Amino acid sequence: MAWDTITKSAADKESAALPDTEVARAAFSWDEARQNLSGLRGGGLNIAYEALDRHVLAGSGKRRALRWLGSKGETRDFSYENLLRNASKFANVLTRHGIGQGDRLFSMMGRVPELYFAALGTLRIGAVFTPLFSAFGPKPVRMRMEIGEASALITTASIYRRKIAAWRADIPSLKLVLIVGDDAPEGCIALRQELDAAPDTFDVVQTGAEDMALIHFTSGTTGRPKGVVHVHEAAVAHAATGRYALELKPGTIYWCTADPGWVTGTSYGIISPLLNGATMIVDEAEYDLKRWYRTLEREKVEVWYTAPTAIRMMMRAGRGAASDHDFSHLKFLASVGEPLNPEAVVWGNEVFGRPFHDNWWQSETGGIMIANTAAMDIKPGSMGKPLPGIEADIVTSDGTKMRSCAAGEVGELALRPGWPSMMRAYLHEEARYAKCFRDGWYLSGDLAMRDTDGYFWFVGRADDLIKSSGHLIGPFEVESALIEHGAVAEAAVIGLPDETAGEIVKAYVVLNPGRGASDELERELRGHARKRLGPAVAPREIVFRKSLPKTRSGKIMRRLLKARELGLPEGDISTLETDEK
Amino acid sequence: MTKDEIRTAFLEELTQIAPDIIPATVAGDDHLMDDLDLDSMDILNLVTAVHKRLGVSVPEIDYPRLETPDSAVAYLAAKLSG
């Protein structure tokens, strides 16, 4: 069915950061956007300086930067001044242990205040901050730390013992492991005493705008995960897009529910809100319906950035669960991670009095590219229109050259490179990086179309990557973990539609001779995969096959498995050599 | 149904969803997400499995009551007798 457009009132438009997107687009330049940051004396740019010092120097140090809600009900507040002192302490701890400019600090921990000190302290010394999702199993963690040549790691004692201790010695670059809290396992340093003893000032290191600041890992269809490199200059885009797409202003009470282990939780859960002088709400706990509703109400959250899976979980609970709450402080709701279904956009409007504004971006783009902004009428199900400073198109290749698609025609979503938060490299993977660009376009790997009004609509992935609960999962990584099990000869992994998670991971395995399929073995394989990969990445369902569909060159045709699973046309199967049995 | 039977059923469903967990090592106060590494999709699947197995439907608002095996057994026992 078609969904009615949600129109915005004159008052909505007037109060928006961009009352008229088209006017703003015509007037916009990144050079001008850059003037909103102060830069370092003597040239250069540093994200942490822009996020903290700039506000403190401007006399806003007492403003609250972060309200932390502990899982046991405790609350801790940090002003901009206080966060600056703690980030400086962390910077001193790092330098005391020989970590310096260009070194890479990995984080793998829950949302505790030290994570925020670490991110900002790391950037302050010119080191590179690389967050990992704490629910990853040991295999993905190890691979990412190898590729990223980790110099330092901050984590918890529990995560360290369960997932890291066994292979820590195999990462030769790793010089320092900091453990949050008072006690540390052997060979690690407890952070509490170090922070207590460290001086609370630290002169920011003179980083250049093009110096590496962040690495975000993202999955590939084949091969190893890719380390997406971002530089300090990205702050220009983080600041501007936070204003335009999320309505962040000084003092805005803002809750980004994404974990900093993923790119959204860093770009828009740490950097962008601080650049804009907002007050961040950080909840240590995982999704819990009542807790979330109470948090929105009690903290008077004004801007809320969340994800489709969470919204769909709220929808499952029904409107009744929300009815005894006062959400009148909410001014702007946004969603990212995967396309937000129209039902959810409309549901937001009915329950919170505001629709969810879907937006689109990726680890590679570093910041929001396409969005439904506050002043725009919303077509439920659409990701919106390109932000000022962003040139986007739908393109397709007719043999040799890329061409723009007509309205309504499906093609690949492409962006004109040149915005400040564009990735600068895939770490050590020049060929894969080069493959992302063609005829002057960055190709996103997402299939989409644009309608006659200029709204963009997501259609699907151009490759085999799986989007589950907003996380991009590379089938190859899952398949190789399965093959490590002695019973498995071959594996193919696809994403199947799921009404809550978007997609769930399903695996097809071929067993080694002499191993018989059984329920016990199915459980054993799922357990094996969960232990290595963690629950977010491991398959939720495994089925046994005698053979998998393969091309002549031996490539598994995941696309075919998926089409059959969904009862869709099988498409071109001229390259099929051996079929599924 | 006795509490022991409920606990056995709960642990069986739990380890069916997360076969990496060894039932004998699960403590009554282990937190399903923090200690046993379940994620929110696992919890949804667990609620569905418990419903199928015990006939107890757990509303979304009560999910936190299933935080640990002990609290889950107490909650399910109360529901079954009520």
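What share of the 581 residues of chain A counts as buried? The share is 52%, where buried means that 20 or more other C-beta atoms, placed from the backbone, lie within 10 Å of the residue's own. This is a predicted model, in which local features need pLDDT of at least 70 and side-chain atom pairs count only at pLDDT 80 or more, while totals for chains, interfaces and linings use all residues. Residues are numbered from 1 along each chain as its sequence is written, and chains are lettered from A in the order in which they are written.

**Chain A overall**
- Chain A has 18 helices and 30 strands; these are DSSP runs numbered from the N terminus, with helices (H or I) of at least four residues and strands (E) of at least two.
- The C-alpha trace of chain A spans about 70 × 60 × 55 Å along its principal axes.

**Helix H18 of chain A**
- Helix H18 (residues 558–566) of chain A has the buried residues A:Arg558, A:Leu560 and A:Leu561.
- These buried residues line one face of H18(A), because they fall within an arc of 165° seen down the helix axis (the arc of the directions from the axis to the C-beta atoms).
- After H18(A) comes A:Gly567, with a positive phi near 70°.

**Contact between chains A and B**
- Chain B gives 16 residues to the contact and chain A gives 20 residues; two residues are in contact if their C-beta atoms, placed from the backbone, lie within 7 Å.
- Helix H2 (residues 40–54) of chain B supplies 4 residues, the largest share of the side of chain B that touches chain A.

Definitions and conventions: Buried ≥ 20, exposed ≤ 12 C-beta atoms within 10 Å, placed from the backbone.
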